[in-house]
Amino acid sequence: MFAATEGINTHKGEIFSLGLLSACAGYLAGTGEALTAESVMRTAGIMCAGLCERDFAGVREKSVLTKGERVYIEHGITGIRGEAEAGYPVVRDCALPALREYISRGLSVNDALAFTLLHIMANAHDTNIISRHDLDTSQEVMRTSRELLVSGAGLREVRRLDDEFIARNISPGGGGDLLAVTYFLYMME
């Protein structure tokens, strides 16, 4: 992956999450327990109990840090590790209900996912944005996304926001990872 991206840490959170959730789904299928998005996320939380404490123990003494570790040290934000340990609350409480609602309204999958990404961006600190910019930019993205959702913005406004983010090199990569998780769980059901 690093060779293909010239050393850029792309999709690391998504690979972690989709691997974890696939393992949880396989485990649940083997036990005969109901295989739902909620049961898979709950199982992920159980499997990841203590993950943040273990992963961040001694991180301040490390000489080489990941971007996620740097964000944790500077802001106490646990990123995808914390999301997994908590059973993916942004997906469970915001993104998956939003995607289900948009699909039930008859939106195309693409449009439903675009609006679902706004829900994720409105509710999750994105460590990719923080590491490329700063915490203030992450908070701005969250605020702007909330405002678009509250105003009932359409795809034109979403495209304008996308153009603005591209121009400013704001990449909600963590949100994109959670969007992939949301879609995976939606399709699994």
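Me: How are helix axes and the angle between them defined?

Reply: Axes are lines fitted to C-alpha atoms, for helices over the stretch in contact, and angles run from 0 to 180 degrees between N-to-C directions. The model is predicted: local features need pLDDT of at least 70, side-chain atom pairs count only at pLDDT 80 or more, and totals for chains, interfaces and linings use all residues. Numbering starts from 1 along each chain as its sequence is written, and side-chain values use heavy atoms, without hydrogens and water.

Me: At what angle do H7 and H9 pack?

Reply: Helices are DSSP runs (H or I, at least four residues), numbered from the N terminus. H7 (residues 109–123) and H9 (residues 135–151) pack at about 135°, their axes 7 Å apart.

Me: Which residues make the contact?

Reply: Contact means heavy atoms within 4.5 Å. H7 gives residues including Phe115 and Leu118, and H9 gives residues including Val141 and Met142.

Me: What shows where empty space is left?

Reply: Rolling a probe the size of a water molecule over the atoms does. A pocket is an open set of points on a 1 Å grid over the protein atoms alone, where a 1.4 Å probe fits, with protein on both sides within 12 Å along at least five of seven lines; lining residues have an atom within 4 Å of a point. The largest pocket has a volume of about 890 Å³. Among its 40 lining residues, Gly13, Ile80, Thr127, Gly174 and Asp177 are closest to the centre.

Me: Which element gives the most to the lining of the second largest pocket?

Reply: H10 does, with seven residues. This pocket holds about 350 Å³.

Note on methods:
Helix = DSSP H or I, 4+ residues; strand = E, 2+ residues; numbered from the N terminus. Points joined across faces, edges and corners; volume = space filled by probe spheres on them.
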